[in-house]
Amino acid sequence: MHVRLEKFNHNRRQKRYYALRLNQTLFGEWCLVREWGVIGGAAQEKRDYLAEAPAAEKELERLKAAKLKGGYAVIPVQLGMFG
């Protein structure tokens, strides 16, 4: 699962993004990866490991809802076929 959110505020000259990814590790855990930063700039990243998929999905949805309340909008993610 991959969710990308973006926020533009032209009055403040802000161009920000927040991405959430949910991956399963080789050991069966679930890794929730959060990435954020200025569009076109350096990014920051944080990883949280959860034992069960439902708990990981619930945390992803909680973070997504918080960002939507903060003015972010969901952007469709286009996954490339060749890379």
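Visitor: What makes β1 and β2 partners here?

Guide: This is a predicted model, and in it eight bridges join β1 to β2. Pairing asks for at least two bridges, so these strands pair, and they run antiparallel. For one example, V3 has L20 in β2 as its bridge partner.

Visitor: What is the order of the strands in the sheet?

Guide: The open sheet has five strands, in the order β4-β3-β2-β1-β5, with antiparallel pairing.

Visitor: Why do β4 and β5 stand at the edges?

Guide: Each has a single partner strand, so one side of β4 and one side of β5 have no neighbour in the sheet. Neighbouring strands are also turned against each other, by 25° on average if you ignore direction.

Visitor: Now the helix. How do you know that the span of α1 agrees with its 17 residues?

Guide: At 1.5 Å a residue, residues 53–69 should span 24 Å, and the end C-alpha atoms are 24 Å apart, so the two agree.

Visitor: Which residues of α1 are buried, and how do you know they sit on the same side?

Guide: A56, L60 and L63 are buried. They cover an arc of only 65° around the axis, which means they are on the same side of α1. P54, K58 and K69, on the other side, are exposed. The cover over the buried residues includes β1, β2, β3 and β4.

Visitor: Let's do the rings. Why are Y18 and W36 called stacked?

Guide: Their centres are 6.2 Å apart and their planes are at 20°. Y18 is in β2 and W36 in β3, so the pair ties together parts 18 residues apart in sequence.

Visitor: Why does Y18 count as buried but W36 as partly exposed?

Guide: Buried means under 20% relative accessible area. Y18 has 7%, so Y18 counts as buried. W36 comes in at 27%, so W36 counts as partly exposed.

Visitor: What makes the pair of Y18 and Y72 edge-to-face?

Guide: The angle between the planes is 65°, and over 60 counts as edge-to-face. The centres are 6.5 Å apart. This pair links Y18 in β2 with Y72 in the loop between α1 and β5, 54 residues apart. Ring pairs link Y18, W36 and Y72 into a cluster.

Technical notes. Residues numbered from 1 in each chain as written. Predicted model: local features only at pLDDT ≥ 70, side-chain atom pairs only at ≥ 80, totals over all residues. Heavy atoms only, no water. Helix = DSSP H or I, 4+ residues; strand = E, 2+ residues; numbered from the N terminus. Expected span 1.5 Å × (residues − 1). Buried < 20%, exposed > 50% of the residue type's maximum accessible area, 1.4 Å probe, protein only. Arc of directions from axis to C-beta. Contact = heavy atoms within 4.5 Å. Axes fitted to C-alpha atoms, helices over the stretch in contact; angles between N-to-C directions. Phe/Tyr/Trp six-rings, centres within 6.5 Å; stacked < 30°, edge-to-face > 60°.
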